[in-house]
Amino acid sequence: MNMDNTTGGYLKFKCGENNAIESCANIVKNGGVIVYPTDTVYGIGCNPFNDKAVERIFLVKHRVAEKALPVLSASLIDLEKIVEVSDKVKRLARSFWPGPLTIVCPLSNRSIAPRLTANKSSLAVRIPDNPCTLSLLKLSHYLVGTSANISGQASAKSPSQINTASLTSFDALLDGGTLNKYSHSTIIRFDDDETLTVVRNGPISKSDIAAALKSS
């Protein structure tokens, strides 16, 4: 763990080093913003219940307020505390979580920072397939899960890309090495009539999802 290295104005930790996960979880708990690895790209996150921390992420990313942010967790049990999880979502969770599938669900916990959802009544959620991040989520329970880049710029797949990017004003970087699994997740939602809509295409296809719903 490199507590003294604050090059770029942020603390640096490495997955697998002593107390790295605990230190990052404490930063999140205390209202901080961290950059961390997922199974897709490096994400930037905070406690989704902390409105000031969520506001910082919008500022860091230069993201417009009309665009909502997703939330990551380590378990379906935790997700059921913040969104309504239908039987279809549970079936997809058994097939694809942890993994690169983001599902937009009705929001049930109104303590979530309003700017996180762009004042909508839904929230995109996911369980990522990254051991380091899952360990972090087991301590923090929830993390905002947006890509660690200025809006409109390329996503970061390695710490070196974070270091050379114009992304600033976050508190810590959790180094999980270079990420090679996926470039982004598939995003879906179920409309009021239960119709499946693919919001963003990704590694899990609509036919994969339909097959999982039939077989589960």
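User: Hi! How many disulfides does a search of the whole structure find?

Analyst: Hello! The search turns up one disulfide. Its partners are Cys15 and Cys132, with their sulfur atoms 2.0 Å apart. Keep in mind that the model is predicted.

User: Which parts of the chain does that pair link?

Analyst: Distant ones: the two cysteines are 117 residues apart. Cys15 sits in the loop between strand 1 (11-14) and helix 1 (20-29), while Cys132 belongs to helix 5 (residues 131-140).

User: And is the link left-handed or right-handed?

Analyst: Left-handed, with -80° about the S-S bond.

User: Nice. Is Cys132 buried or exposed?

Analyst: Cys132 has a relative accessible area of 10%, so it counts as buried, the cut-off being under 20%.

User: Switching topic: what volume does the largest pocket have?

Analyst: About 1,200 Å³. Its lining is made up of 48 residues.

User: Which of them lie nearest its centre?

Analyst: Pro70, Thr102, Val104, Ala124 and Ile187.

User: Which strands each supply at least two residues of the lining?

Analyst: Strand 5 (101-106), strand 6 (122-126), strand 8 (146-147), strand 10 (186-190) and strand 11 (196-200).

User: And what is the lining like by class?

Analyst: There are 18 nonpolar, 18 polar and twelve charged residues in the lining of the largest pocket.

User: Last one, Pro48. Where is its place?

Analyst: Pro48 is in the loop between strand 3 (43-45) and helix 2 (51-61). With 1% relative accessibility, Pro48 counts as buried.

User: Which residues does Pro48 touch?

Analyst: Leaving out residues up to four places away in sequence, Pro48 touches Val54, Val71, Ile112, Ala113, Leu116, Tyr142, Leu143 and Val144.

User: And how many Å apart are Pro48 and Asp193?

Analyst: They are 29 Å apart in space, C-alpha to C-alpha, and 145 residues apart in sequence.

Key: Residues numbered from 1 in each chain as written. Predicted model: local features only at pLDDT ≥ 70, side-chain atom pairs only at ≥ 80, totals over all residues. Heavy atoms only, no water. Disulfide = S-S within 2.5 Å. Helix = DSSP H or I, 4+ residues; strand = E, 2+ residues; numbered from the N terminus. Buried < 20%, exposed > 50% of the residue type's maximum accessible area, 1.4 Å probe, protein only. 1 Å grid on protein atoms, 1.4 Å probe; cavity = no way out; pocket = protein on both sides within 12 Å on 5 of 7 lines; lining within 4 Å. Points joined across faces, edges and corners; volume = space filled by probe spheres on them. Nonpolar A, V, L, I, M, F, W, Y, C, P; charged D, E, K, R; others polar. Contact = heavy atoms within 4.5 Å.
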